[in-house]
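Here is a friendly briefing to read alongside the sequence and the 3D view. Take a moment to look around before you start.

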Amino acid sequence: MEYAQTGQSKKTNEMGMREMQAKVYEARTAKYLLLKAPPASGKSRALMFIALDKLINQGIKKVIVAVPERSIGNSFSPTELKKYGFYANWEPNQKYNLCTPGSDAGKVKAFHQFLQSDEKVLICTHATLRFAFEGLDEKKLNDCLITIDEFHHVSADGDNKLGNVMRNIMANSNAHIVAMTGSYFRGDSVPVLLPEDEEKFVKVTYNYYDQLNGYEYLKSLGIGYHFYQGRYYKVQPERNMSALEEILDEDLKTIIHIPSVNSAESSKEKYEEVNHVIDCIGDLEYQDSETGVLFVKSKRSRRILKIADLVNDNQKEREKIVAYLRGVSSPDDIDMIIALGMAKEGFDWPFCQHALTIGYRGSLTEIIQIIGRATRDSSNKKHAQFTNLIAQPDAVDDDVKLAVNNMLKAITASLLMEQVLAPNFKFKPMDNDNDDLDNEEEDDKATIKIRGFKTPTSQRAKDIIESDLNDLKARILQDDTMLKALPGNLEPEVINTVLIPKIIREVYPDLSEDDVEAVRQYVVVDSVIKNSTVEEQGSKKFIKMAGSFVNIDDINIELIDRVNPFQKAFEILSKSVTTSVLRAIQDTINITKIEMTEQEAIILWPKINAWVKETGEKPNIQSTNPIEQRLAQALLFIQDAKRKKMQNG
């Protein structure tokens, strides 16, 4: 399977907008706008179009753009838009570009001066926005547009300062908000936005499916997990090469992310780590004193490879190589980049074909950001590859295969801009050198311990809990008083401690008060757990009721393509992430979220046909038009019902 290569995602309309930017511009009047689009899709310019329209046509007086780190501020530098067909240029005053060296106090002062001035645009970091917000009357942000780039840095957690800033702005001012992200999830169990906050935003989603299908050159994305024993850079005698050498293709433009110094895969010295990687590639001939580029003679081909070292902390040397990389204009300018914390979020090297990451990455957000480095469209590549090289786990192969398949599902769901819970994917390496591995036996995974939980005293109560719990829950949900209370008319505490025990007493008048309380607790806990996710962090289990998260187990797709012999261990490759795979996963995810009856779907079927006849296209589930969205949901519901019927004969 190959992508359609329509070039659609790169074409521009008469106003100079790409397909994604035009979709965003259609929603430009929204007070709160949430844009979910992959790296390199043109989010920065999309914001410029919206911001200028709000300044010129919608009564907005000022625009504040907040980015996570200073380097990303360059994305919002002055930009000519008129010559491509738009009616205004993006011309921020560089005085109020606060993504520059300097003290926090000075930047906060400049932020407050900007609010008093006649200037229209300010660009700052998330940190500056947070600091400037302390003690600021939200009303001073009236008639402003606040843009938060890389919005996944926000979270619904009450301790998240950026999230609190955003919620206070929404509650106490008339400011407009544009939230932009290339990864609408955080990699942890906390949602970016609570469902009730998310409902206030008009959402424009342009995911990897849309982007890759519309590219001109790039046709597919591959994901591979490789496992090794010993050290990844040490030569294995039976193969006469190291694990890294075996999977490193020097013909591919590659970013190599070395392991964190805290991980089992690391030699614990980051500069030594770079030396190990270079030794695997070849021999260092010399380093260019002007650019900082390392010239390395390959062991295999004997040709000279140009390598950039972004691990070096020496400020002067770092600035040299970063400046060189900024000016790269041809695939021949650099062959490989070795990095640790850099070359992830916001880093741009369009020619990159292979993102090779050494060491387990616990953050799904980090993985998606790394993948994004290789998925730019460029004439030098048809295929992009993400490879994770990990120490061989202390687990049977089938368990590893299951864990990797879950991880692949989590990654692909994330590429579709869905909030996902990362599966439990923590491996214990089979490495005798590591004495700090946790050797404790795991608790029974089916057991969830609740402090203060009351156990039933009579056999009757035990039987109710064992056999009648579902019937009892049905009785509770059908009770007239309960039906009136459920839409939010009563506090949950009143429902749990007054209404539910009252119904239990009516249904089972022979129970003692202690047993009524025990049954009540089982009803409540059972209902909560069945509508939530149980997850482990370290040795502890947590119940997370995150309604907007995708449950990985609901995505019934096998993504493992093959398991290959590899070193003393093995490698697992995913299927190429083609349009068909992405569409199948997207449909599977959407099905789990649709609440619809068969009767409604039948009623909507003629309207779906009429829509297709009139527009020439199927209704789009990502549409901002609620009618089109519901028709798309009905179509998916019908397709899924038909599929199940065929499977069941």
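How many helices and strands does the secondary structure of the chain come to? The answer is 19 helices and 18 strands, where helices (H or I, at least four residues) and strands (E, at least two) are DSSP runs numbered from the N terminus. This is a predicted model, in which local features need pLDDT of at least 70 and side-chain atom pairs count only at pLDDT 80 or more, while totals for chains, interfaces and linings use all residues. Residues are numbered from 1 along each chain as its sequence is written, and side-chain values use heavy atoms, with hydrogens and water left out.

**The chain as a whole**

- Of the 649 residues in the chain, 51% are buried; buried means under 20% relative accessible area, exposed means over 50%, and partly exposed is in between (1.4 Å probe, protein chains only).
- Among contacts (heavy atoms within 4.5 Å) in the chain with a separation of 6 or more, 72% are between residues 24 or more positions apart.

- Strands of a sheet pair through backbone hydrogen bonds, either parallel or antiparallel.
- Here, six strands form an open sheet with parallel pairing, in the order 3-2-4-5-1-6; two strands pair if DSSP finds at least two bridges between them.
- Strand 3 (121-125) and strand 6 (202-205) are the edge strands, each pairing on one side only.
- From one strand to the next, the twist averages 15°.
- Helix 2 packs on this sheet and touches strand 1 (32-36), strand 2 (62-67), strand 3, strand 4 and strand 5, and its direction makes about 170° with that of strand 5.
- Strand 4 (residues 144-148) pairs with strand 5 (residues 176-181) in the parallel sense over four bridges, and Leu145 stands opposite His176 in strand 5.

**A closer look at strand 2**

- Why is strand 2 largely enclosed by the rest of the structure? Six of its six residues are buried.
- Lys62, Ile64 and Ala66 point one way from strand 2, while Val63, Val65 and Val67 point the other way, and all are buried.
- On the strand 4 side, strand 2 pairs in the parallel sense over five bridges, with Lys62 opposite Cys144.
- Strand 2 is also joined to strand 3 by five bridges, and these two run parallel; here Val67 stands opposite Thr125.

**Two pairs of helices**

- Two packed helices are described by the angle between their axes and the distance between the axes.
- The axes of helix 1 (residues 19-26) and helix 2 (residues 43-57) come within 9 Å and cross at roughly 30°; axes are lines fitted to C-alpha atoms, for helices over the stretch in contact, and angles run from 0 to 180 degrees between N-to-C directions.
- That angle makes helix 1 roughly parallel to helix 2: angles under 35 degrees count as roughly parallel, over 145 as roughly antiparallel, 65 to 115 as roughly perpendicular and the rest as oblique.
- From helix 1, Met20, Gln21, Val24 and Tyr25 meet Lys43, Arg45, Ala46, Phe49, Ile50 and Asp53 of helix 2.
- The residues of this contact divide into six nonpolar, one polar and three charged, where Ala, Val, Leu, Ile, Met, Phe, Trp, Tyr, Cys and Pro count as nonpolar, Asp, Glu, Lys and Arg as charged, and the others, Gly among them, as polar.
- Helix 3 (residues 104-116) and helix 4 (residues 126-133) have axes that come within 9 Å and cross at roughly 70°, which makes helix 3 roughly perpendicular to helix 4.
- The crossing of helix 3 and helix 4 is right-handed.

- Strand 8 and strand 12 run parallel and are joined by four bridges, with Ile255 opposite Ile337.
- Glu250 lies in the loop between helix 8 (243-247) and strand 8 (254-257).
- Is Glu250 buried or exposed? Glu250 is buried, with a relative accessible area of 10%.
- Not counting residues up to four places away in sequence, Glu250 touches residues including Arg300, Arg303 and Met336.

Notes:
Left-handed = near helix turned anticlockwise from the far one by under 90°.
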